Amino acid sequence: MRQRRVRAAGIAAAVVALVAGGVSVLPALAAAGPTLAQVATARGFSIGTAAGVKTLASSQWRYVADTQFNSVTMGNEGKWDATEPAQGQFDFAAADFIADYARTTGKRLRGHTLVWHSQLPAWVSADRTAAEQRQVLLDHVTGVAGHFKNKVAQWDVVNEPFNEDGTFRSSVWYQRLGEDYIADALTAARAADPAAKLYINDYNVEGVNAKSTGLYNLVQRLQARGVPIDGVGLQAHLIVGQVPSTLRQNIERFTALGLKVEITELDVRIPLPADASELTQQAADYRAVVGACAAVAGCTGVTTWGVGEADSWVPAFFPGYGAALLFDEQWRARPAYSAVVEALGGTPSVPEPPATPSLVTVASWPFEAGLAGWGSRGSEVTAASTAAAHGGTGSVLSSGRTATWQGPTRPVLDLLTPGKLYTVSAWARTASGSGTARLSMQRQNGTATRYENVSANTAISTTWTRLSGDYLFLPGATALSVYLETTDTTGDLYLDDVTIQTEGTPTSGSASASASVSVSPSASRSPSASVSPSASRSPSRSPSVSPSSSASSGGTGCAVHYAKNDWGGGFAGDVTVTNTGSAAVNGWTLRWTFAGNQQVSQAWSTVLTQSGAAVTAVNAAWNGTIPAGASANFGFLASYTGGNTDPSAFTLNGTACTLR
C-alpha cells in the first residue's frame, strides 16, 4: 500500500510540473514494459473496451485497442434496433464486423444486449397480446444469440431491468410479461448458444444499495427456479471520488451465490477542465475498482466504455464532464492507466500514442466540367447548372421533383473499400424556400437495400448549407450510391462540391502534444444520476423505406407525446410521434420550439439539430416509415437554467400535431 501511495504522489508531482510549465498534462513516453492487455492476460483476467464499427475503422483507436485490451464488447451494434429493425428481418452486418475484429485479434467478445427497454424499433411495442409479445422476445433472442453461437463469450441478456429503489422498471417487457420476461430471455439464450455465459447488467448497482439488492434477490429467485444465469454485470459509470465503499462487499455477495461478476462499462467522469488533483483521484478510483474486482476470485474482468475521449459517451450525456477514460483526446495514457496496471500486479510503463493519420481525398466533384456520373433517383431532372455555385461556377440542379426522396445520386461502389471509415461532405441549397436536406448512402446487399444517413441540415435559398458526416462502408455490398434528398419539400435542389475522404498514411510518429480538454463556459455540472451509455450513437445501418415506395409527405394528422425526466439543470426528453392519418408517413421531420433556454447535447433514434430555441428532428435510418396508426419514438438529453417548460406545439412534415 505504501508503494502505491508513493506512485500516486509521483504522478501528481509530474502532472503539476507539466501544468506549471504550460505544456500538456500527459507526456508521450515509449513503452518499455508489458502492455495492459499482457498484464491482464498473464493473470487470467479480462480487460476490455466497448467498440463500434466506426471506432474500429480508426487506425488510432485500433492501435490502442489492439495492444492494450484483450476483450471487446459490442457497443450499439448488438442491440435490437440494429439487429432486427423490422420484425423477422435480421441485419448482422455491423455486429459481424465487431465479431470478426475480436476473432482476428484474439480478443474475447461480449455481446450487448439482447433485451433492453431502450433503442427498440417502433414495431416491438405495437399493440399485441402477452403471448404474442413473449414470442417477439423469444424470436429475437433466439435469432441473435443463435447467429453468434460459439462466438460470444458472454451476453448481457437483460439490460437495466431495475428502478433505483430495486423495483422493476416499467418497460414494455415488464408491463406485458411481468418478471417472467427475464427468465424467458435467459432460457432462450441458453438454448440458442449453450456455451455463452449469461448476464444481467445494470447501472448504480456497484455498491450495496436498494437497486443492487433488487438484483441480488432476482438472481436468487431465478436460481431457485432453475433458470440459467451465470453472472451479473456492474456497469460502474462513476464520478471522480465517488467509488462506493461497499463495492468489494457487493461483488463478494454475488460470487457467494456461485455467480461470476464483471465490471462492464467502467468510466470515471471529471468536471472539466480536469486538473492534476482530479486526475490523481481518478487514478485512485480506477485502482480501487479494478483492485476490488481482481481481489475476488469470481470477478473475472473489467471493461471500460470506450478507449479515450474520441469514443467516450460522457461529454455528450453529462455537459461539463469528461476525461473519463484511460486515454485522452490524443490517445495518450492518463495516470489511471498506470493505476490499472498496478492494480493487476504489473509494473506500469506509459505507452507511446499512435501516429496521426493523414487525410486523403478519394473522390471530389466540384461540377465545373459537368455531372461526372451523377444522375437522378426518380422522375426528376438532374442537370448541370451555372445559376448557383458554392465554389467556382457550376453545380448540380435537381428539378421537377415529385417526391422528397428524389434527388441527385452517383454510384460509388468502385471508390470505397469495405471496412474503411469515410468522411462524406457536400453543399446544398434550395432554389426557393427552405427544407431539410439529407446526404445519404444507398447500399444494396443482394436483395436487401439499406438507406444510411450521413448528415442532415436545413437548406435555404439565400446561402449554401454544408452537410458532412462519417460513413463506414460495411462488407458485402453489391451496389452503393451517394445521394441528396429532402425530408419535407419537393422543391428544386442544388448540390455542389461533394467530397469523400478517408485516412491515409501517418503524418508523424506520435500524436501532437498541444491539445487540451476544454468545455463551454456555460456548461453546468451534471447530477450523479446515471444515464445508460447504450442510448448513445444509434447505428445507421438498419433498413428504412425504399424510395420507390409510396412517399407520403406526412399524411393528414399527427399526435405527439412529450415527456421528460428532469433532475434540475438537465433532463432526458422522450418524444413519441403518432401518425393519426390514413396513409403511411415515409420520411419525417418533427419540429418544435423550446420555451426556455434548453440546449440539446445528444439524441438517439433521430438526427437532431438545434438553432436557438428551434429544434428539428429527422428520422433515423431505421424508423423513417410510420404506418397509419403507428408511432415512432426518439429521445435526447438537454441542459437548461431557469425553467424547463414543455414545448407547446409540434409539426410533422409541416402539419400541426395535437398533444397527448
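A disulfide is taken here as a pair of cysteine sulfur atoms within 2.5 Å. The model is predicted, so local features need pLDDT of at least 70 and side-chain atom pairs count only at pLDDT 80 or more, whereas totals for chains, interfaces and linings use all residues. Residues are numbered from 1 along each chain as its sequence is written, and side-chain values use heavy atoms, with hydrogens and water left out.

Under the sulfur criterion, the count is 2 disulfides. Cys558 and Cys657 form a disulfide with their sulfur atoms 2.0 Å apart. This disulfide is left-handed because the torsion about the S-S bond of Cys558 and Cys657 is about -95°. Cys558 belongs to strand S22 (residues 558-566), while Cys657 is in the loop between strand S32 (655-656) and strand S33 (658-659), so the pair ties together parts that are 99 residues apart in sequence. Strands (E, at least two residues) and helices (H or I, at least four) are DSSP runs, numbered from the N terminus. Cys558 and Cys657 are both buried, where buried denotes under 20% relative accessible area, exposed over 50%, and partly exposed the range in between (1.4 Å probe, protein chains only).

A disulfide also joins Cys293 to Cys299, with an S to S distance of 2.0 Å. The link of Cys293 and Cys299 is left-handed, with -100° about the S-S bond. Cys293 and Cys299 are buried. With bonded cysteines counted along the chain, the disulfides follow the pattern 1-2, 3-4.

Glu160 is placed in the loop between strand S4 (154-159) and helix H8 (172-177). Glu160 counts as buried because its relative accessibility is 2%. The side chain of Glu160 makes a polar contact with the side chain of Trp116 at 3.0 Å. A polar contact is a pair of N or O atoms within 3.5 Å; within protein, one atom must be able to donate a hydrogen and the other to accept it, and residues adjacent in sequence count only if both atoms are side-chain atoms. The C-alpha atoms of Glu160 and Gly233 are separated by 9.9 Å, the two residues being 73 residues apart along the chain.

The protein chain as a whole has 14 helices and 33 strands. Of its 660 residues, 57% count as buried. Among contacts (heavy atoms within 4.5 Å) between residues at least 6 apart in sequence, 79% join residues at least 24 apart. The accessible surface of the protein chain is about 23700 Å², and 52% of this belongs to carbon and sulfur atoms. Accessible areas come from the Shrake-Rupley method with a 1.4 Å probe; for residues, only the protein chains shown count as cover.
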